[in-house]
Amino acid sequence: MKVTKADLKKYLLQEGCGQAAGEIAEKVIGWITDNIKAGNTIELRGFGTFYTVTVPAHKNRFNPNKTVDERVKVKFRPGKSLQGKELLKK
């Protein structure tokens, strides 16, 4: 099942956040995005950590005559509540 930002807004509205639920969701996602772009690590205890890694320039593995530029990737390390046996508990 795919969950979207609209689903998050609906959930916040149902949980009693009022009509500001959409704005709250937008601001939280914007805050996370801005901090990741700035190279900061976002640690949400119990949920997980968002961090960036730099992938150096390298040769394309399918076409050795081409190179892939250096880039930054966003990674996510799940917290304890999202690891192993905890996911099986519903």
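Visitor: Which residues does Thr-49 touch, leaving aside those up to four places away in sequence?
Guide: In this predicted model, Thr-49 touches Thr-41, Ile-42, Glu-43, Lys-75, Phe-76 and Arg-77, with residues up to four places away in sequence not counted. Thr-49 itself has its place in strand E2.

Visitor: Why is Thr-49 called buried?
Guide: The relative accessible area of Thr-49 is 13%. Buried means under 20%, and therefore Thr-49, at 13%, is classed as buried.

Visitor: Why is Arg-71 called partly exposed?
Guide: Arg-71, which is found in strand E5, has a relative accessible area of 41%. The term buried requires a value under 20% and the term exposed a value over 50%. Because 41% lies in between, Arg-71 counts as partly exposed.

Visitor: What does Arg-71 touch, not counting residues up to four places away in sequence?
Guide: The contacts of Arg-71, with residues up to four places away in sequence left out, are Val-53, Thr-54 and Val-55. Arg-71 and Val-53 are 18 residues apart along the chain, and their C-alpha atoms are separated by 8.5 Å.

Visitor: What makes Leu-82 partly exposed?
Guide: Leu-82 lies in the segment after E5. Its relative accessibility is 28%, and because this falls between the limits of 20% and 50%, Leu-82 is called partly exposed. From Leu-82 to His-58 there are 24 residues in sequence and 33 Å in space, C-alpha to C-alpha.

Visitor: How do you know that the span of H2 agrees with its number of residues?
Guide: H2 has 17 residues, and at 1.5 Å a residue they should span 24 Å. The C-alpha atoms at the ends of H2 are 24 Å apart, so the two values agree.

Visitor: Why are the buried residues of H2 said to line one face of the helix?
Guide: The buried residues of H2 are Ala-21, Ala-25, Ile-32, Asn-35 and Ile-36. Seen down the axis of H2, they fall within an arc of 110°, and therefore they line one face. As a general rule, an α-helix has 3.6 residues a turn, so residues three or four places apart point the same way.

Visitor: What do the buried residues of H2 pack against, and which residues are exposed on the other side?
Guide: The buried residues of H2 pack against H1 and strands E1, E2 and E5. On the other side of H2, Glu-23, Lys-27, Asp-34 and Lys-37 are exposed. Just after H2 comes Gly-39, with a positive phi of about 90°.

Visitor: Which residues line the largest pocket, and of what class are they?
Guide: The lining consists of Leu-8, Leu-12, Ala-25, Val-28, Ile-29, Ile-32, Ile-36, Leu-44, Phe-47 and Phe-50. By class, this lining has 10 nonpolar residues, no polar and no charged ones. The volume of the largest pocket is about 190 Å³.

Visitor: Which helix gives the most to the lining of the largest pocket?
Guide: H2 gives the most, with 5 residues. H1 and H2 each supply at least two residues of this lining.

Key
Residues are numbered from 1 along each chain as its sequence is written. This is a predicted model: local features need pLDDT of at least 70, side-chain atom pairs count only at pLDDT 80 or more; totals for chains, interfaces and linings use all residues. Side-chain values use heavy atoms; hydrogens and water are left out. On a 1 Å grid over the protein atoms alone, a cavity is a set of points where a 1.4 Å probe fits but cannot get out, and a pocket is an open set with protein on both sides within 12 Å along at least five of seven lines; lining residues have an atom within 4 Å of a point. Grid points are joined across faces, edges and corners, and a volume is the space filled by probe spheres set on the points. Helices (H or I, at least four residues) and strands (E, at least two) are DSSP runs, numbered from the N terminus. Ala, Val, Leu, Ile, Met, Phe, Trp, Tyr, Cys and Pro count as nonpolar, Asp, Glu, Lys and Arg as charged, and the others, Gly among them, as polar. The expected span of a helix is 1.5 Å times one less than its number of residues. Buried means under 20% relative accessible area, exposed over 50%, partly exposed in between (1.4 Å probe, protein chains only). The arc is that of the directions from the helix axis to the C-beta atoms. Contact means heavy atoms within 4.5 Å.
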